[in-house]
Amino acid sequence: MTSPIIDASGIVKDYGAVRALHGVSLQIGTGEFVALVGPSGCGKTTLLKILAGFEDPTGGRLEIQGRDMHGVPAASRPTRMVFQKLALFPHKTVAENIGFSLKLQKVEKAEAERRIRAMLDLMHLKPDYLERYPAQLSGGEQQRVALARALVSQPGVLLLDEPMSALDAKLKKSLQAELKKLHRELGTSFVLVTHDLEEAMMLADRICVMRSGHVVQVGTPTDIYYRPANMFVAGFIGETNFLPVTATASGEGMDVVSPLVAAGKTTIAPEHVSPSLSTNGTALLVRPETIRFVRGDAAPGEWLLDGQVEEHFIKGASTQYRIRIHGLDAAVIMDLPGSIVLPAIVGEAVRIGFDPAQAFLLSE
Amino acid sequence: MRIERKSWNDPVLVATVAPLALVMVAFLLVPLLMTAVLTFQTTQYYRLVWTWDLKIWTEVFSKPHYWTIMIRTVAMALVCVVLTVLIAFPAAYALATRLRTFKTQIQILIIFAFLTDAVLKTFGWILILDKNGVANWLLMHVGLPPEMLNLLFTPAGTMIGMVYNLVAYPMFTIYLSLVRIDRDLILAAYDAGASRVRTFFEVTLPLSRPGLYSGAVLVFVLSLGAFLEPKVLGGGTSPLASELIRQSFETRVNWPLGAALTVVLIAIGALMLVACAAFALRRTSATGRSA
């Protein structure tokens, strides 16, 4: 990481008797795209508001561009925010909305106009939108105006508070792509709050997963997906399977056994073990796409489970099966490539298998 | 939202609208027309004479006395609008943004005061404004000369009563506008670098315009017809239009004159409202679409 533009250490925030943030530390590099992810109420929006200066932290230290932000109001911070509901001024035209911060900085009129037009260009908005009011624009266009309004003052950090949650799926995808392109072109640091880990993985350089006021894991999308710190992070993206195992240290790696599997002990390589592994509820993370139906003999080292097909969903490119395994609370989910003839029907007794060496060992 | 234009041929719609339309025609339009018709008649020995001439209108336009009172009425109404809005705005702002804890209690108190009979409230002011009343008593006790205030039976007394009786209207309309303003808009203004004062003038004030305008219109219309306050607190020293009209009908038993003065008052009020509406629409037409 390059020199950090935001350096938050031990940020605590109390709302009355309720502690919303329990000493959160996070560094964001210059030009980096960081996503804050977590379920609602995890403190991600609170953290963003503290960065923006809308909320004062109860404790901890926040530096932006090397300056202590204690007591610095939102108006004098090098951050700009794109709000969840956009918060475009309904009584101002698009040009007035975008140019509002320039007007406050008393930027010369011709220069302001030039920068507003440049923003419009960057956001692919038509010049004749300048005199329109936000209510006269579509949802996607309003989104672009909100981005333009935030970026026109060339902030050091752009804060995005779930700005795409209200859009339909198709528009969301195209705006996500544009946001990523925009970030690449501008080199401004972006901090995105979202509850959608898939969106975070698509866009961010680094992801900070939060849960009830704590940072659970900070890492690249690859880290988060393939090397999740615990079951919470792993379960946050898509559907996954956890197979409870007993783990014992063995040299560099870990030996695991499961009472449900006859194959016995298997060694998991160190890069397949969560760095924050505890003895509390150790389990193997088995991705649905790594499981197969076993008709004949098992492959060497393969773990087998016997069960019954509970349900299947034909998704087109893939078919999802839910297999009820005796001794497991949750049904095992497996994704198979789609086929004309279904490999198994509901109620059929099946044997499934996966390679434990390709699984990932973690704990609660 | 798109408003669909319904047809006259829709029987259900016609049936639903008909009762209200009939009431409006019978009790508003017909009396208005009768008033207008009345202005072209004359009286002789306190009796109405059907003549169809312009005698009354010539009288109305030739006597400056009537116009002094009309102009005074409009001036008092305008001053009343300014004062009520100036008092109501800070109160509504405090209610909407600051006084979260006692908001309900304060609202209940305002509604109580608002719903108390106007006659009672207006007479109550006599106790305060009288030479030997509460106001002077208080001033005396803080060391100011006794009987310093002499407000009872002056236009100022009338104005105090009018403002007091009408201030709740703009307070509620402005309050309703203010609470509808999204808090994020205020934060967005701060975020863009605006100070609190600047944010107020750039965001809060423009967005509270609908409430400001509707409150102002309510106060203006109601104070054009102010009757009680000039009589009780003004003491009849500087009568307003309603008193003039009452006198024409009751004391002078000159119905055509009363009707003509009524038409003049309605015309002045309507003209001013149309002018205000044109002004307000020009400034809010674009933002109105978002609501």
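**View 1. The buried residues of helix α7 of chain B.** Gly157(B), Thr158(B), Met159(B), Ile160(B), Gly161(B), Met162(B), Val163(B), Asn165(B) and Leu166(B) are the buried residues of α7(B). A residue counts as buried if 20 or more other C-beta atoms, placed from the backbone, lie within 10 Å of its own; with 12 or fewer it is exposed, and in between it is partly exposed. This is a predicted model, in which local features need pLDDT of at least 70, side-chain atom pairs count only at pLDDT 80 or more, and totals for chains, interfaces and linings use all residues. Residues are numbered from 1 along each chain as its sequence is written, while chains are lettered from A and ligands numbered from 1 in the order in which they are written. Because nine of the 12 residues of α7(B) are buried, the helix is largely enclosed by the rest of the structure. Its buried residues pack against α3 (64-98), α5 (118-129), α8 (168-179), α11 (209-224) and α12 (228-232) of chain B. Helices (H or I, at least four residues) and strands (E, at least two) are DSSP runs, numbered from the N terminus.

**View 2. Chain B and its annotated spans.** Chain B has 14 helices and two strands. Its C-alpha atoms fill a box of roughly 75 × 70 × 30 Å along the principal axes. Of its 291 residues, 30% count as buried. UniProt, in an unreviewed entry, places the feature "transmembrane region" at several spans of chain B, including 108-128 and 211-228. UniProt positions follow the numbering used here, feature names are shortened, and annotations may be inferred rather than shown by experiment. Residues 108-128 of chain B are 90% helix and 0% strand, with end C-alpha atoms 24 Å apart. For residues 211-228 of chain B the values are 83% helix and 0% strand, with the ends 26 Å apart.

**View 3. The side of chain B that touches chain A.** Here 19 residues of chain B are in contact with 21 residues of chain A. Two residues are in contact if their C-beta atoms, placed from the backbone, lie within 7 Å. On the chain B side, α9 (183-191), α10 (196-207) and α14 (255-288) each give two or more residues. The largest share, six residues, comes from α9(B).

**View 4. The two domains of chain A.** Domain 1 spans 4-231 and domain 2 spans 239-362 of chain A; such bounds come from an automatic or database domain assignment. The C-alpha centres of the two domains of chain A lie 39 Å apart. Six residues of domain 1 and seven residues of domain 2 make up the contact.

**View 5. Strand pairing in chain A.** The order β2-β1-β4-β5 describes an open sheet of four strands in chain A, with antiparallel pairing. Strands pair if DSSP finds at least two bridges between them. At the edges are β2 (18-29) and β5 (67-68) of chain A, each pairing on one side only. β4(A), residues 59-64, joins β5(A) through two antiparallel bridges, and Glu63(A) has Asp68(A) as its bridge partner. Elsewhere in chain A, β12 (246-250) and β13 (253-257) pair in the antiparallel sense over five bridges. Ser250(A) stands opposite Gly253(A). Two residues lie between the strands of this hairpin, where Gly251(A) takes a positive phi near 60°.
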